[in-house]
Amino acid sequence: MATNMMNNVLVSCLMFFLMIGSLNAKSADIKAICGKAKNPTFCKSYMMKSEPKTSGADIKTLATITFGSAQTSASGALTKIQSLATKETNPALKKAYTSCVEQYKNTISSLDEAKKSLESGDGPGLNIKVSAAMEGSTTCQDGFVNVKADPSVTTEIDDFQNICSIVLVISNMM
C-alpha cells in the first residue's frame, strides 16, 4: 500500500514537471518573426519551405533550423564563388571573385563562432556573430559594383543575407 502511494506521488510529480517544462517550450510566432525580418516575403516563403520542421517549433529549435540553413547557404556560396574564380579569365572579375572567396571564408569562420553562442542559448552573442558573418557577404557583394558577376552569385548572397536576417530576429527573441 505504501509502495503504491509512493508510486502515485512520483507519477504526479513527474506529470507536474513535464507540464511546467512544456509551458516553457512554447511555439515560436513565425508571423511575428517574418514581420521583423529584412525581407518578410522571403521569410514566409522560407518558413513554408522548411515545413514541417518549423511548424510548432519552439524558438531554440527554430533558431537551430534557420542557423543550419545559413551555414549551408554560406558553404554553397563559397563553393560556387571558388568555382567561378578558378574559371574566370577577366582579371577584374577574377580579382572580385578571389576577394569574395576570402570574405566568405571569414563569414564561415564567424558562423562557426556563432554556433557556440547558439548552442549555449546566448541570443545576444548569436546576434553579434551572425551580424559579423553578414558583413563578409556584404563586402563580397560590394566587390561586384564595377564588374558584372554571375547572377547566381548575387542570388546566393541575397539568400544568405535574408536567412541571416531571420536568425537575427530569432536571436533577439531568445
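**Exercise 1.** Does S110 count as buried or exposed, and at what relative accessibility?

*Solution.* A quick heads-up before starting: this is a predicted model. Now find S110, which sits in helix α5. Next, take its relative accessibility, 18%. The cut-off for buried is under 20%, so S110 counts as buried. Finally, see what S110 touches: leaving out residues up to four places away in sequence, the list is K129, A132 and A133.

**Exercise 2.** Work out how helix α5 and helix α6 run relative to each other.

*Solution.* In general, two packed helices are described by the angle between their axes and the distance between the axes. Start with the distance: the axes of α5 (residues 91-120) and α6 (residues 123-142) come within 8 Å. Then take the angle, which is roughly 170 degrees. Anything over 145 counts as roughly antiparallel, so α5 is roughly antiparallel to α6. On the α5 side, the residues making the contact include C100, Q103, Y104 and S110; on the α6 side, they include K129, A132, A133 and G136. Sorted by class, this contact has ten nonpolar, eight polar and two charged residues.

**Exercise 3.** Zoom in on Q103 and list its contacts beyond its sequence neighbours.

*Solution.* Q103 belongs to helix α5. Set aside the neighbours within four places in sequence, and Q103 is in contact with G136, T139 and C140. Now compare sequence and space for another pair: Q103 and E135 are 32 residues apart along the chain, yet their C-alpha atoms are 8.5 Å apart.

**Exercise 4.** Decide how the buried residues of helix α3 are arranged around its axis.

*Solution.* First collect the buried residues of α3 (residues 40-50): F42, C43, Y46, M47 and S50. They cover an arc of only 130 degrees around the axis, so they lie on the same side of α3. Then turn to the face pointing away from that buried side, where you'll find the exposed residues T41, M48 and K49. Last, ask what covers the buried residues: α2 (30-36), α4 (59-87) and α7 (151-171) are among the elements that do.

**Exercise 5.** Find the residues with the most contacts inside the largest nonpolar core.

*Solution.* This core has 47 residues, and Y104 and F144 have the most contacts inside it. Two or more residues come from each of α2, α3, α4, α5, α6 and α7, with α4 giving the most, eleven. To finish, follow F144: beyond four places in sequence, it touches L93, A96, Y97, C100, A149, V153 and I157.

Notes. Residues numbered from 1 in each chain as written. Predicted model: local features only at pLDDT ≥ 70, side-chain atom pairs only at ≥ 80, totals over all residues. Heavy atoms only, no water. Axes fitted to C-alpha atoms, helices over the stretch in contact; angles between N-to-C directions. Helix = DSSP H or I, 4+ residues; strand = E, 2+ residues; numbered from the N terminus. Parallel < 35°, antiparallel > 145°, perpendicular 65-115°, else oblique. Contact = heavy atoms within 4.5 Å. Nonpolar A, V, L, I, M, F, W, Y, C, P; charged D, E, K, R; others polar. Buried < 20%, exposed > 50% of the residue type's maximum accessible area, 1.4 Å probe, protein only. Arc of directions from axis to C-beta. Core = buried A, V, L, I, M, F, W, Y, C linked by side-chain atoms within 4.5 Å.
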